[in-house]
Amino acid sequence: MRDDAHMRHALTLGRRGLGSTWPNPAVGCVIVRDGRVVGRGWTQPGGRPHAEAMALAQAGDAARGAVAYVTLEPCSHHGKTPPCADALIAAGVTRVVVALGDPDDRVDGQGIARLRAAGIEVITDVCAAQARADQIGFLTRVQEGRPMVTLKLATSWDGRIATATGESQWITGAPARRRVHAMRANHDAVLVGGGTARADDPNLTVRDLGVTRQPVRVVVSRQLDLPLTGKLAQTAHEIPLWLVHGSEASPDLVSAWTGLGAKLLSVPVVRGQLDPRAALEALGAEGLTRVFCEGGGALAASLLAADLVDHVALFTAGLAIGAEGKPSIGALGLDRLGAAKRFEIQGVEQVGGDAFTHWVRR
């Protein structure tokens, strides 16, 4: 039972790094000696120092003979930092409890094997289900080559995101919008389509939460026909802006956006639209693990149709806009109910005057 309690503590610490550690996973570590916590750590912004290094530094000599609780298998390879498995061995811990193995080819059991070879007892799969849920972004990138996707929808209760004239500010209330900013903060990137960027001129930043590392702003625009004088363009040198576009985009626009400080990623066009899987794989290749998609309807539909949505964060306001309003999700081309992607409900709560529902793909 104590193993579970200490691992839950480590998992809570690890979640502090979500959105700020990419391309590294957000890991937590707790060092316990004689029933007392002597060291705590979590992966720092930018991915280093690692959680184990932070916890060992805090523990100091008290780590000798202690138990280390780590939410992901300690690394065993030399990257920009030495292997965490070696650091645990050198510190003299006698037991390591691991929530989840690391599927990265550079680790994948080697960290655990190295610890055991040094005579350290290793226990695995403690709180594994929660660790897997926390690490879905890292795991999806390693195993599928793409980041996980959370699709955020803020709608009237009849599923509309704007009136027929395009008015949408604000369907949901201030508490829901603040929750959205918090959700942006624990993702690596915020993603919108070109239509949303043109219509709303958004900042796509986290505001009023005191964050020091903003998520990457990503816009999917096949032709790069985005306003060169908008808020995104004006801040591209200060806050990361990545534009995913097709090969037919004007070289002049490519040059203009590059000059403004944006990173450009070219992906194939399939049946008149950017290939959504290729777009996500391009983001994964750049190191992103967690993407928060905020629209619009066409982009949401393309991701759903390609089975690329992992979580849905649905905020529902207590009003109806009617059939003439803009739907939250574009056409999916379904003619059979059985072809619709099913999601499982994870939770429902009231946020201010709105309802929040969290869904996870089966």
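**Note on the salt bridges of a predicted model**

1. R361 is partly exposed, with a relative accessible area of 24% (buried means under 20%, exposed over 50%, partly exposed in between, with a 1.4 Å probe and protein chains only). This is a predicted model, in which local features need pLDDT of at least 70 and side-chain atom pairs count only at pLDDT 80 or more, while totals for chains, interfaces and linings use all residues. Residues are numbered from 1 along each chain as its sequence is written, and side-chain values use heavy atoms, without hydrogens or water.

2. R361 forms a salt bridge with D307, the closest N and O atoms being 3.0 Å apart (a side-chain nitrogen of Lys or Arg within 4 Å of a carboxyl oxygen of Asp or Glu). D307 lies in the loop between α12 (297–305) and β15 (311–317) and R361 in strand β18 (residues 354–361), so the pair ties together parts 54 residues apart in sequence. Helices (H or I, at least four residues) and strands (E, at least two) are DSSP runs, numbered from the N terminus. D307 is itself partly exposed, at 31% relative accessible area.

3. Both residues belong to a network of salt bridges that links E144, R146, D307, D310 and R361. The count of salt bridges comes to 16.

4. D3 and R95 also meet in a salt bridge, at 2.7 Å from N to O. Helix α1 (residues 2–14) holds D3 and strand β4 (residues 95–98) holds R95, so this pair ties together parts that are 92 residues apart in sequence. Both D3 and R95 are buried.
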